[in-house]
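Subject: Two-chain model, handover and notes

Hello,

Please find the model below, with my notes after it. Could you look through them when you have time?

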Amino acid sequence: MSFSQPKKDKEIEESLVREFQGGNLKAYDKIAEIYQKKIYGLSFNLTRNQMDAQDVTQEVLLTLFRKIKMFQGKSAFSSWVYRITLNTSYMKLRSKKKEPNISIDELMPSFNRAGFQQEKIQDWSENTESLMFNTETRDVINKAVDLLPEKEKVVFLLRDVEGLSTEKTGEILNLTVPAVKSRLHRARLFLRKKLSYYFEEFSSRKAEK
Amino acid sequence: MICCKECLDLLYDYLEGDLDQETTKSLEEHFQDCPPCISFLNTYKSTTKICRNTLNQVEIPEAIRETLLKVLKDHKVDN
C-alpha cells in the first residue's frame with residue numbers, strides 16, 4: 001500500500017539540497033516546485049482552510065530558504081520538510097478554537113464475551129465506486145477525517161494519504177513502527193465506522209426503491 | 001479457531017502481508033466461516049481507498065500558487 005521514494009528522485013533531491021546549501025538559488029526554486037504541492041496538501045488536510053494552508057505553505061517554503069544550512073542530512077530531506085510542515089500547521093491550529101474530539105474508543109468494534117462481533121456488519125464496499133464522484137460523499141469523508149483525534153489523524157495523513165512507508169512515518173513523528181501501526185489501525189477503524197453510517201443508509205435507500 | 005476480535009486485531013498485518021503462514025491460514029479459515037468479518041475486511045479496505053482518493057486531490061489554487069511565487073521571489077531579492 002505504501003510506496004517509497006524512487007532512488008533516482010532521492011539522488012536528484014539530495015544533489016539539489018547540496019547545491020542550494022552551496023548558494024545556488026535555482027536549486028531552491030526546484031526544491032520549492034517539488035515540495036509546494038505536498039506541503040499545501042498536508043497543511044490543507046490538517047487545517048481544512050485555504051487561507052491557513054496558504055500561510056503554512058508560504059511559511060514552510062521561507063523556512064526552507066532561511067534554514068537550509070541547519071539541515072544536516074541526518075534524516076531524509078523530505079522527513080525534515082514534513083516535520084516543519086506539521087509544526088507550522090499545528091502552530092496555526094493552536095491559535096484557533098477547536099471543537100473537542102469525540103472519543104475514538106466509542107467507535108471501536110464491539111465483541112461479546114466469546115470474542116464474536118456484536119453488531120450487524122453490512123458490506124457496503126460495492127457501493128463506494130459509484131458514489132466517489134458525488135460531492136455529498138466527499139463531504140462525508142472529509143468530515144470523518146476531520147473528527148479523527150490528532151494523534152491518529154497525522155499518522156493516517158502521512159501513511160495512507162501521502163503514501164509514506166511505516167518506517168518513514170515513524171521517523172517523522174518520532175514513533176516506533178508498532179506505534180505507527182497501532183495508530184493507523186485505530187484511525188482506519190474509526191473512519192470505517194463513521195463511513196458505515198453513511199453508506200449503510202445509502203444501501204437501505206437503494207433497497208427501498 | 002480464532003474469534004472475531006483476534007481476527008480484527010490481525011487485519012492490519014494481514015493486509016500488509018506481515019503475518020506468518022500459520023496465522024494467515026487460521027485467519028482465512030475464520031473468514032470462510034464468518035460473513036460479518038468478510039464484510040468488515042471489505043469495508044476496511046474500501047475505507048482506506050476512498051479516503052486516500054478523496055484527500056489526495058488537494059490542488060493548490062492558481063491564485064495561491066501565483067502569490068507564493070511572488071513572495072518567494074521578493075524574499076530572494078531581499079536576501
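This is a predicted model: local features need pLDDT of at least 70, side-chain atom pairs count only at pLDDT 80 or more; totals for chains, interfaces and linings use all residues.

Residues are numbered from 1 along each chain as its sequence is written, chains are lettered from A and ligands numbered from 1 in the order in which they are written, and side-chain values use heavy atoms, with hydrogens and water left out.

Interface

Chain A brings 53 residues to the contact and chain B brings 42, where contact means heavy atoms within 4.5 Å. About 4,600 Å² is buried between the two chains, with carbon and sulfur atoms giving 66% of it; buried area is the accessible area (1.4 Å probe) that two parts lose on being put together, summed over both. Tyr12(B), Leu55(B) and Lys76(B) supply 15% of the area that chain B buries against chain A, more than any other three residues.

Four salt bridges cross the interface by the rule used, which asks for a side-chain nitrogen of Lys or Arg within 4 Å of a carboxyl oxygen of Asp or Glu. One pairs Asp13(B) with Lys181(A), with 3.3 Å between the closest N and O atoms.

On the side of chain B that touches chain A, α1 (4-16), α3 (35-55) and α4 (62-78) each supply at least two residues. Helix α3(B) gives the most, with 17 residues. Helices here are DSSP runs (H or I, at least four residues), numbered from the N terminus. By type, this side of chain B has 19 nonpolar, 13 polar and ten charged residues. In that count Ala, Val, Leu, Ile, Met, Phe, Trp, Tyr, Cys and Pro are nonpolar, Asp, Glu, Lys and Arg are charged, and the others, Gly among them, are polar.

Ser46(B) lies in helix α3 of chain B and is buried at 11% relative accessibility. Buried means under 20% relative accessible area, exposed over 50%, and partly exposed in between (1.4 Å probe, protein chains only). Apart from its neighbours within four places in sequence, Ser46(B) is in contact with Trp124(A), Ser125(A) and Thr128(A).

Salt bridges

Over all chains, the structure has 15 salt bridges. In one of them, the closest N and O atoms of Asp105(A) and Arg186(A) are 3.4 Å apart. Asp105(A) is in the loop between α4 (77-94) and α5 (128-131) of chain A and Arg186(A) is in helix α9 (residues 177-208), so the pair ties together parts 81 residues apart in sequence. Asp105(A) is exposed, at 51%, and Arg186(A) is partly exposed, at 24%.

Within chain B, Lys25(B) and Glu29(B) form a salt bridge at 3.6 Å, N to O. These two are four residues apart in helix α2 (residues 21-33), about one helical turn. Lys25(B) is exposed, at 56%, and Glu29(B) is partly exposed, at 37%. Glu62(B) and Arg65(B) meet in a salt bridge at 3.9 Å, N to O; both lie in helix α4 of chain B, three residues apart.

Helix α3 of chain A

This helix (residues 50-67) has 18 residues and reaches 25 Å from first C-alpha to last, close to the 26 Å expected at 1.5 Å a residue; the expected span is 1.5 Å times one less than the number of residues. Its buried residues include Val56(A), Leu61(A) and Phe65(A). At its start, a side-chain oxygen of Asn49(A) comes to within 2.9 Å of the backbone nitrogen of Met51(A).

Backbone angles

Arg48(A), which is not a glycine, has a positive phi of about 55 degrees. Arg48(A) sits in the loop between α2 (25-47) and α3 of chain A and is partly exposed, at 24%. Asn174(A) also has a positive phi, near 60 degrees. Asn174(A) lies in the loop between α8 (166-173) and α9 of chain A and is exposed, at 72%.

Regards

Key
A polar contact is a pair of N or O atoms within 3.5 Å; within protein, one must be able to donate a hydrogen and the other to accept it, and residues adjacent in sequence count only if both atoms are side-chain atoms.
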